[in-house]
Amino acid sequence: EPAKQVCAHCPVRRDCLASALLFGEQHGVWGGLDRHQRHALTQRLRLGATLGSALDQGLGVRPAGMDAA
């Protein structure tokens, strides 16, 4: 959890997570996500999701037009 807190405000968090997903990092916290969280995103990629949409999901970015009512 301390590593995830450090990542929360990192300016390269998205790039870090993208690198971990593309290179299959198995250990540690990358982009604020642990290996289990990254595995779920990797599965989405294998099923045809775009890297951008997987990153958005992992980082909690809401798609445009999905504002709260």
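**Helix packing and the nonpolar core**

Analyst: In this predicted model, Leu41, Arg44 and Leu45 of α3 are in contact with Leu51, Ser53, Ala54, Gln57 and Gly58 of α4. By class, this contact has four nonpolar, three polar and one charged residues.

User: What makes Gly58 count as nonpolar or polar?

Analyst: The classification places Gly among the polar residues, and Gly58 is one of the α4 residues that meet α3.

User: Why is α3 called roughly antiparallel to α4?

Analyst: The axes of α3 (residues 35-46) and α4 (residues 51-59) cross at roughly 155 degrees and come within 9 Å. Angles over 145 degrees count as roughly antiparallel, and α3 is therefore roughly antiparallel to α4. The crossing of these two helices, α3 and α4, is right-handed.

User: Why is α2 called oblique to α4?

Analyst: α2 and α4 pack at an angle of about 120 degrees, and their axes are 10 Å apart. The roughly perpendicular class runs from 65 to 115 degrees and the roughly antiparallel class lies over 145, with the rest counted as oblique; α2 is therefore oblique to α4. α2 passes α4 in a right-handed crossing.

User: Which residues form the contact of α2 with α4?

Analyst: From α2 come Arg13, Arg14, Leu17, Ala18, Leu21 and Leu22, which meet Leu51, Gly52, Leu55, Asp56 and Leu59 of α4. These residues divide into seven nonpolar, one polar and three charged.

User: Why are α2 and α3 described as roughly perpendicular?

Analyst: Their axes come within 10 Å and cross at roughly 65 degrees. Angles of 65 to 115 degrees count as roughly perpendicular, so this term applies to α2 and α3. In this contact, Leu17, Ala20 and Leu21 of α2 meet Arg38, Leu41, Thr42 and Leu45 of α3.

User: What makes a set of residues a nonpolar core, and which residues make up the largest one?

Analyst: The members must be buried nonpolar residues joined through side-chain atoms within 4.5 Å, where buried means under 20% relative accessible area. The largest such core has seven residues: Leu17, Ala18, Leu21, Leu33, Leu41, Leu55 and Leu59. The elements that give two or more residues to this core are α2 (13-23) and α4, and α2 supplies the largest share, three residues.

User: Which residues does Leu55 touch, leaving aside those up to four places away in sequence?

Analyst: Leu55 touches Arg14, Leu17, Ala18 and Leu21.

Definitions and conventions
Residues are numbered from 1 along each chain as its sequence is written. This is a predicted model: local features need pLDDT of at least 70, side-chain atom pairs count only at pLDDT 80 or more; totals for chains, interfaces and linings use all residues. Side-chain values use heavy atoms; hydrogens and water are left out. Axes are lines fitted to C-alpha atoms, for helices over the stretch in contact, and angles run from 0 to 180 degrees between N-to-C directions. Helices (H or I, at least four residues) and strands (E, at least two) are DSSP runs, numbered from the N terminus. Angles under 35 degrees count as roughly parallel, over 145 as roughly antiparallel, 65 to 115 as roughly perpendicular and the rest as oblique. A crossing is left-handed if the near helix is turned anticlockwise from the far one by less than a right angle, and right-handed if clockwise. Contact means heavy atoms within 4.5 Å. Buried means under 20% relative accessible area, exposed over 50%, partly exposed in between (1.4 Å probe, protein chains only).
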